[in-house]
Structure formats: structure tokens, C-alpha cells
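I opened this entry to keep track of what I looked up, one topic at a time.

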Amino acid sequence: MEGNQKIHCSVESCKYKSETGNLCTLQAIHVTPVTNKDTKKPDESMCSSYEYERN
């Protein structure tokens with residue numbers, strides 16, 4: 001990742017969440033809009049890079 005940028009993540013079920021803290025291990029994420037949402041709040045988008053961690 002360029003500079004000191006970090007992607008924070010608190011989604012426990014995501015396979016890219018760091019085991020040692022609340023960080024995403026991906027170099028970059030893809031954020032997409034949620035259909036039929038116009039709230040001007042975070043629920044208007046989602047991380048499309050999410051993948052379920054299978055144990």
C-alpha cells in the first residue's frame with residue numbers, strides 16, 4: 001500500500017481480516033454502492049472484496 005495508508009476491518013468472518021488486529025490484509029479493496037440506498041450514510045456502500053473465511 002502506498003505511504004502509510006491502512007484499511008481497517010472489524011468484520012470477523014472476512015478471510016482478509018488480520019488475526020492480530022482490526023486491519024485488512026489486502027493491498028486494496030473494491031467498494032461498491034448498495035442498490036436502492038440513498039441515505040448519505042455508510043450503509044449506502046459495501047466492500048465487494050469481502051470473502052467468507054471458511055474454517
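I looked up Cys 24 and found that, with neighbours within four places in sequence left aside, Cys 24 is in contact with Ile 7, Cys 9, Tyr 16 and Ile 29, where contact means heavy atoms within 4.5 Å. I note that this is a predicted model, in which local features need pLDDT of at least 70 and side-chain atom pairs count only at pLDDT 80 or more, while totals for chains, interfaces and linings use all residues. Residues are numbered from 1 along each chain as its sequence is written, and side-chain values use heavy atoms, with hydrogens and water left out.

Next I turned to the largest nonpolar core, which has 5 residues: Ile 7, Cys 9, Cys 14, Tyr 16 and Cys 24. Such a core is a set of buried Ala, Val, Leu, Ile, Met, Phe, Trp, Tyr and Cys residues joined through side-chain atoms within 4.5 Å. For burial I used relative accessible area with a 1.4 Å probe and protein chains only: under 20% is buried, over 50% is exposed, and partly exposed is in between. In soluble globular proteins, nonpolar side chains tend to be buried together.

I then followed Cys 9, which sits in the segment before E1 and counts as buried because its relative accessibility is 13%. Between Cys 9 and Asn 22 the C-alpha to C-alpha distance is 5.0 Å, although the two are 13 residues apart in sequence.

Ser 18 is also placed in the segment before E1, and I list Ser 18 as buried because its relative accessibility is 15%. Its side chain is joined to that of Thr 20 by a polar contact of 3.0 Å; a polar contact is a pair of N or O atoms within 3.5 Å, where within protein one must be able to donate a hydrogen and the other to accept it, and residues adjacent in sequence count only if both atoms are side-chain atoms. With residues up to four places away in sequence not counted, Ser 18 touches Leu 23 and Thr 25.

For the overall layout, I recorded 0 helices and 2 strands in the protein, both kinds being DSSP runs numbered from the N terminus (helices H or I, at least four residues; strands E, at least two). Buried residues make up 16% of the 55 residues.

In strand E1 I looked at Thr 32, which is buried because its relative accessible area is 17%. The side chains of Thr 32 and Ser 48 make a polar contact of 2.5 Å, and Thr 32 touches Glu 44, Ser 45, Met 46 and Ser 48 when residues up to four places away in sequence are not counted.

Last, I checked the loop between strand E1 (31–33) and strand E2 (45–47), where Asn 36 is found. Lys 40 is found in the loop between E1 and E2 as well. Phi is near 60 degrees, a positive value, in Asn 36, and phi of Lys 40 is likewise near 60 degrees. Most residues other than glycine have a negative phi. Asn 36 counts as exposed because its relative accessibility is 80%, and Lys 40 counts as exposed because its relative accessibility is 67%.
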